[in-house]
Amino acid sequence: MCPRKMNLVIYPTFGLASVGFAALLLVHVASLFGNTSLFDRTMAVLGPGVFVLALPTIFVMGHLARDFKQKDIWRAALRGCPRWMYRTVWGIAAYCWAGFFVLPLLYAGGMDSDANRARTLSGTLLMFYLMSLAVMFSATHVEQFDKSRRCLNGHHVWPLAKFCEECGAPVATTTADAPRAR
């Protein structure tokens with residue numbers, strides 16, 4: 001697909017995911033302190049918002065990972081993200097997964113409690129909004145990332161390669177380490 005047409009999908013989805021993530025972060029933090037009124041007011045918009053973001057995210061993710069093996073789909077889709085963002089995505093995913101089981105135990109009352117329901121569901125939605133946000137961010141930076149990948153001898157390498165296909169040298173970890181191609 002043409003990059004211009006792709007931008008018609010990427011930037012609006014990125015904006016919606018950013019606003020949704022920020023709102024859900026606020027809702028989640030409030031619910032951790034026992035305030036469920038934000039959760040009750042915003043779920044009519046933020047809950048279905050996940051489905052609005054899902055289709056463009058799947059479409060863009062498929063575009064980013066189309067030339068990669070299935071096992072590398074997330075690495076391929078998030079390859080344009082900086083390392084801190086990549087780690088944040090997986091850290092929050094782990095927090096949300098564990099929190100779904102642990103938060104009701106920590107706060108007592110199980111899932112019957114409105115506060116626990118707000119805590120677990122806002123955390124789960126937080127993960128989906130962040131995944132969409134990271135995929136869209138990656139899509140805006142992936143071309144720059146792919147062009148900058150070089151081995152220590154300066155050869156251009158495949159985006160997920162660890163060693164150069166041409167000379168076998170390790171891939172430079174930073175662009176400062178990689179010499180320009182001769």
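Q: What makes the contact between Asp72 and Arg75 a salt bridge?
A: In this predicted model, the side chains of Asp72 and Arg75 come to 3.6 Å, N to O. The cut-off for a salt bridge is a Lys or Arg side-chain nitrogen within 4 Å of an Asp or Glu carboxyl oxygen, so the pair at 3.6 Å qualifies. Side chains of opposite charge can pair when their charged atoms come close.

Q: How many salt bridges does that rule give?
A: The count comes to one salt bridge.

Q: Why is Asp72 called buried?
A: Asp72 has a relative accessibility of 15%. Buried means under 20%, so Asp72 gets that label.

Q: And why does Arg75 count as partly exposed?
A: Its relative accessibility is 33%. Partly exposed covers what lies between the 20% limit for buried and the 50% limit for exposed, and Arg75 at 33% falls in there.

Q: Where is Arg66, and why is it called exposed?
A: You'll find Arg66 in the loop between H2 and helix H3 (73–77). As for distance, Arg66 and Phe14 are 52 residues apart along the chain, with 20 Å between their C-alpha atoms.

Q: What makes Leu64 buried?
A: Leu64 sits in helix H2 and shows 6% relative accessibility. With the limit for buried at under 20%, Leu64 passes the test. Leu64 and Arg4 are 60 residues apart in sequence, yet their C-alpha atoms are 15 Å apart in space.

Q: Why is Met85 called buried?
A: Met85 belongs to helix H4, and its relative accessible area is 10%. That value is under 20%, so Met85 counts as buried. Between Met85 and Gln70 there are 15 residues of separation along the chain and 22 Å from C-alpha to C-alpha.

Q: Why is Phe163 called exposed?
A: Look in the segment after H5 for Phe163. Its relative accessible area is 52%, and over 50% means exposed, so there's the reason. Phe163 is 79 residues from Trp84 in sequence and 23 Å from it in space, C-alpha to C-alpha.

Q: What makes up the nonpolar surface patch of about 730 Å²?
A: The patch is made by Trp97, Phe100, Phe101, Val102, Leu106, Tyr107 and Leu121. To join up, nonpolar side chains need to be within 5 Å, on residues with over 30% relative accessible area.

Q: Which helix gives the largest share of the nonpolar patch?
A: Helix H4 (residues 83–107) does, with six residues. Phe101 lies in this helix.

Q: How do H2 and H5 pack, and what is the handedness of their crossing?
A: Helix H2 (residues 37–64) and helix H5 (residues 114–148) pack at about 35°, and their axes are 9 Å apart. The crossing is left-handed. In the contact of H2 with H5, the residues divide into 19 nonpolar, six polar and two charged.

Q: What pattern does the protein chain follow?
A: Along the sequence you read α-α-α-α-α. That goes with five helices and zero strands in the protein chain.

Q: How many residues does the protein chain have, and what share count as buried?
A: There are 182 residues, and 42% of them count as buried. The C-alpha atoms fill a box of roughly 65 × 35 × 25 Å along the principal axes.

Conventions. Residues numbered from 1 in each chain as written. Predicted model: local features only at pLDDT ≥ 70, side-chain atom pairs only at ≥ 80, totals over all residues. Heavy atoms only, no water. Patch = residues over 30% accessible without salt bridge, like charges linked within 9 Å, V, L, I, M, F, W, Y side chains within 5 Å. Areas by Shrake-Rupley, 256 points an atom, 1.4 Å probe, with all protein chains shown as cover. Helix = DSSP H or I, 4+ residues; strand = E, 2+ residues; numbered from the N terminus. Axes fitted to C-alpha atoms, helices over the stretch in contact; angles between N-to-C directions. Left-handed = near helix turned anticlockwise from the far one by under 90°. Nonpolar A, V, L, I, M, F, W, Y, C, P; charged D, E, K, R; others polar. Buried < 20%, exposed > 50% of the residue type's maximum accessible area, 1.4 Å probe, protein only.
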